[in-house]
Amino acid sequence: GCSLVVRPIWEEYTPKYGEKLIVIDPKMAFGTGTHATTAHCLRFVEKYVKVGDRVLDIGTGSSILLVASKLFGASKLIGVDIDEEALLSAEENLKLNGISDYELSTSFSDSRSYDVVIANIICEVLIDLFNSMVNKMQKNGLLFLSGILIEKTGKMEAIILHSKLEIVEKSIEDGWVGYVCKKSY
């Protein structure tokens with residue numbers, strides 16, 4: 001089970017032993033942690049993010065995945081979203097969780113590389129951005145992909161393998177698929 005608990009700002013909740021709490025103000029329907037695509041990513045964060053990791057979250061939305069990454073020790077948080085509204089919401093949620101050290105931007109055109117790249121967006125956009133995302137990965141870095149409908153898996157896997165990434169984990173829930181991919185070069 002997941003030790004992460006996501007609660008809306010208006011609900012009271014006392015974390016039980018071993019639980020990590022994320023507080024969000026869900027202005028938008030997406031990114032409240034209940035959707036299967038977000039659930040995949042939260043699980044991946046819990047399982048793979050290590051202390052000191054640099055994390056890039058593409059299509060950050062409510063920033064829930066950055067908050068989760070921080071709870072598991074990430075040292076650098078970068079969130080990207082083309083939607084300005086989403087970035088305001090992301091910022092608010094980071095602050096609600098006491099996180100002050102992060103960067104939010106509408107593009108990821110910097111030259112830095114990351115230990116973990118997270119992309120929870122629709123498959124078509126994942127495909128468009130795929131090479132740019134791979135270029136942002138450190139050697140032995142991980143890429144968490146989510147937002148892929150089950151009928152698109154063939155196409156997605158072909159692209160992953162074409163980029164010489166290794167599929168470390170594949171997770172299926174409610175017709176949605178999530179991948180953890182590793183770059184070993």
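Start by selecting Ile 9, Trp 10 and Leu 96: together they make a nonpolar patch on the surface, with about 310 Å² of accessible area. Keep in mind as you look around that this is a predicted model. You'll find Trp 10 in the loop between strand 1 (4-8) and strand 2 (20-24). Trp 10 counts as exposed because its relative accessible area is 59%, and the cut-off for exposed is over 50%.

Next stop: charged pairs. Side chains of opposite charge can pair when their charged atoms come close. How many salt bridges does a search of the whole structure find? The count is 10.

Pick Asp 115 and Arg 54 to see one of them, a salt bridge at 3.7 Å, N to O. This pair links distant parts of the chain: Asp 115 sits in strand 6 (residues 114-120) and Arg 54 in strand 3 (residues 54-58), 61 residues apart. Asp 115 is buried, at 18% relative accessible area, while Arg 54 is partly exposed, at 27%.

Now show Glu 103 and Arg 112, whose side chains form a salt bridge at 3.0 Å, N to O. Glu 103 is partly exposed at 32% relative accessibility, and Arg 112 is partly exposed at 32% too.

Last, go to Lys 170 and Glu 157, which meet in a salt bridge at 2.7 Å, N to O. Lys 170 belongs to strand 8 (residues 165-173) and Glu 157 to helix 5 (residues 153-162), so this pair ties together parts 13 residues apart in sequence. Lys 170 is partly exposed, at 42% relative accessibility, and Glu 157 is also partly exposed, at 22%.

Conventions. Residues numbered from 1 in each chain as written. Predicted model: local features only at pLDDT ≥ 70, side-chain atom pairs only at ≥ 80, totals over all residues. Heavy atoms only, no water. Patch = residues over 30% accessible without salt bridge, like charges linked within 9 Å, V, L, I, M, F, W, Y side chains within 5 Å. Areas by Shrake-Rupley, 256 points an atom, 1.4 Å probe, with all protein chains shown as cover. Salt bridge = Lys/Arg side-chain N within 4 Å of Asp/Glu carboxyl O. Helix = DSSP H or I, 4+ residues; strand = E, 2+ residues; numbered from the N terminus. Buried < 20%, exposed > 50% of the residue type's maximum accessible area, 1.4 Å probe, protein only.
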